[in-house]
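Subject: Structure for your files

Hello,

Here is the structure I said I would pass on.

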Amino acid sequence: TPDGLCFGSDSAAANALDDYEEGSYTPTFISTGATFTYNHQYGYYQKVGNTVHVSFYITLHPSLTAVTGTTSNPLHISLPLTSTGATRYEAAASFSMIYKFNLNGGGNDILLTGRVGPNDNKIDLLAQFDDAAGYAYTAVRADQNGCGLAGSVTYRVS
């Protein structure tokens, strides 16, 4: 239809698939004042309607100083498209590889999590302790040469 691709007998404009896109992008670590030297940066995405699925693989250089500059600010991973601005919107990222990150929780169990908030084009990396409040994961935690993350996130766009 003029509104997009319709399935079965459904011809409602609101239900028509009017956007499809797929491609690759170069994921980066983002932290104010920090500079990163990479070894691998692979990212792929598929957008169907207003839903985007992203997978990424990103590692820092194994022998050069991989992180320089200010390392006390929050650490993020870039995304190819900006999320929806819907009120209280969040999407969770999952990680299939966490390699050589400093996950020392000072004796507590720690979990590295990721989230995408409203109107954002990055994954916020967060540390969550057992029986304690979580906090923003900082660039200093990526202090091991060769450290990296692989994972995915599915989120909505406007």
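The notes below go from the overall fold to the core and then to the aromatic rings.

This is a predicted model, in which local features need pLDDT of at least 70 and side-chain atom pairs count only at pLDDT 80 or more, while totals for chains, interfaces and linings use all residues. Residues are numbered from 1 along each chain as its sequence is written, and side-chain values use heavy atoms, with hydrogens and water left out.

Overall fold

Of its 158 residues, 38% are buried (under 20% relative accessible area with a 1.4 Å probe, protein chains only; over 50% is exposed, and in between is partly exposed). Among contacts (heavy atoms within 4.5 Å) with a separation of 6 or more, 69% are between residues 24 or more positions apart.

Core

The largest nonpolar core holds 33 residues, and Leu149 and Tyr155 have the most contacts inside it. Such a core is a set of buried Ala, Val, Leu, Ile, Met, Phe, Trp, Tyr and Cys residues joined through side-chain atoms within 4.5 Å. Strand β5 gives the most to this core, with five residues. Beyond four places in sequence, the contacts of Leu149 include Phe29, Phe56, Ile77 and Phe101.

Ile77 is in strand β7, residues 76–78, and is buried because its relative accessibility is 0%. Beyond four places in sequence, Ile77 touches Phe29, Phe56, Phe95 and Leu149, among others.

Aromatic rings

There are seven aromatic pairs (Phe, Tyr and Trp rings, the six-membered one for Trp, with centres within 6.5 Å; planes under 30 degrees apart are stacked, over 60 edge-to-face, the rest tilted). Phe29 and Phe36 make a tilted pair, because their planes are at 45°, with centres 5.6 Å apart. Phe29 and Phe101 make an edge-to-face pair, at 6.2 Å between centres and 65° between planes. This second pair links distant parts of the chain, 72 residues apart: Phe29 is in strand β2, and Phe101 is in the loop between β8 and β9. Phe29 is buried at 4% relative accessible area, and Phe101 is buried at 8%. Ring pairs join Phe29, Phe36, Tyr38, Phe101 and Tyr137 into a cluster.

Regards

Technical notes
Helices (H or I, at least four residues) and strands (E, at least two) are DSSP runs, numbered from the N terminus.
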